[in-house]
Amino acid sequence: MTTPVPTADPARVITAARSWVGTPYHDQASLKGVGCDCLGLARGVWREIVGPEPFPIPPYSRDWGETGPREVLAEGARAMMIEVPVQLAGPGTLILFRMLPRAIAKHVGILTGPETFLHADERLGVIEEPLTLPWQRRIAFAFLFPARCPLEP
C-alpha cells in the first residue's frame, strides 16, 4: 500500500505564483522575469514548491490543443499532482481550462483566491485577474501541488 503524497501549503503556492507577475509571455519558456507561457508558469511554481522537474517537457506547437483527442495536460498533471474535483478547487490549486467547448484543456492557471487566478496571457504576460463566469465555465480539471515529488522514494 502506498502512502498518499502530502499537498503543498496553498499560501506558499500563491506566493510563488505571484512572484511571476509581470513576467512577459514567451511561448515554451519558463524563466521568471524573462518569459513564460502558461505551462512555463506552472513549471516554475513546481520548481519553487516541489523541486526539480521530474522530466523534460517536449517541444509543442502553438496549436497543439487543437490536434488530437487526448487530454495531454490533464494526463501529465495527473501523473505528478493530486487531482481534486473542480468544485473543491481552492486557492493554490492548478486549474486547466478548455478554451473552446468540446476541445481538450490547453490553458493553465493557479487560483489565488475564491474569485481570482494567475495565468500567462499572450498579450499581457503573467497577470492576476478576476475568475469571471466565462473563465469559471472553462475550468475542466483541478490539481493540488504535492509537497514533494511523487516519484521520490
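## Close-up views of a predicted chain

**Figure 1. The whole chain at a glance.** The chain exposes about 8,300 Å², and carbon and sulfur atoms supply 60% of that area; the areas come from the Shrake-Rupley method with a 1.4 Å probe, where for residues only the protein chains shown count as cover. This is a predicted model, in which local features need pLDDT of at least 70 and side-chain atom pairs count only at pLDDT 80 or more, while totals for chains, interfaces and linings use all residues. Residues are numbered from 1 along each chain as its sequence is written, and side-chain values use heavy atoms, leaving out hydrogens and water. You can find four helices and eight strands here, following the pattern α-β-β-α-α-β-β-β-β-β-α-β along the sequence. Helices (H or I, at least four residues) and strands (E, at least two) are DSSP runs numbered from the N terminus. Of the 153 residues, 44% are buried, meaning under 20% relative accessible area, with exposed over 50% and partly exposed in between (1.4 Å probe, protein chains only).

**Figure 2. Helix 1 and its buried face.** Which residues of helix 1 (residues 10-18) are buried? They are V13, I14, A16 and A17. Looking down the helix axis, the buried residues fall within an arc of 165 degrees, so they line one face of helix 1; the arc is that of the directions from the axis to the C-beta atoms. The buried residues pack against helix 2 (38-49), strand 5 (105-113) and strand 6 (116-121), where contact means heavy atoms within 4.5 Å.

**Figure 3. Strand 4 and its two partners.** Four of the five residues of strand 4 are buried, so the rest of the structure largely encloses this strand. Strand 4 pairs with strand 5 in the antiparallel sense over five bridges, and L94 stands opposite I110 in strand 5. Strand 4 also pairs with strand 8 (residues 139-144), again antiparallel, over four bridges; here I95 stands opposite A142. Two strands pair if DSSP finds at least two bridges between them.

**Figure 4. Aromatic rings.** A search of the whole structure finds four aromatic pairs. One of them is F97 with F117, a tilted pair at 5.4 Å centre to centre and 50 degrees between the planes. Rings of Phe, Tyr and Trp (its six-membered ring) pair if their centres lie within 6.5 Å; planes under 30 degrees apart count as stacked, over 60 as edge-to-face and the rest as tilted. F97 lies in strand 4 (residues 94-98) and F117 in strand 6, so this pair ties together parts that are 20 residues apart in sequence. F97 has a relative accessible area of 0%, and F117 is likewise buried at 0%. The rings of F141 and F143 are stacked, because their centres are 6.5 Å apart and their planes stand at 25 degrees. Both F141 and F143 are buried.

**Figure 5. A charge over a ring.** W135 forms one aromatic cluster with F97 and F117. R138 lies over the face of W135, at 5.4 Å from the ring centre. A charge sits over a ring if NZ of Lys or CZ of Arg is within 6 Å of the ring centre and within 35 degrees of the ring normal.

**Figure 6. Two loop residues with positive phi.** Most residues other than glycine have a negative phi. Q28, in the loop between helix 1 and strand 1 (30-31), has a positive phi near 70 degrees and is partly exposed at 31% relative accessible area. What is the phi of R102? For R102, phi is near 65 degrees. R102 belongs to the hairpin of strand 4 and strand 5, which has six residues between the strands, and at 82% relative accessibility R102 counts as exposed.
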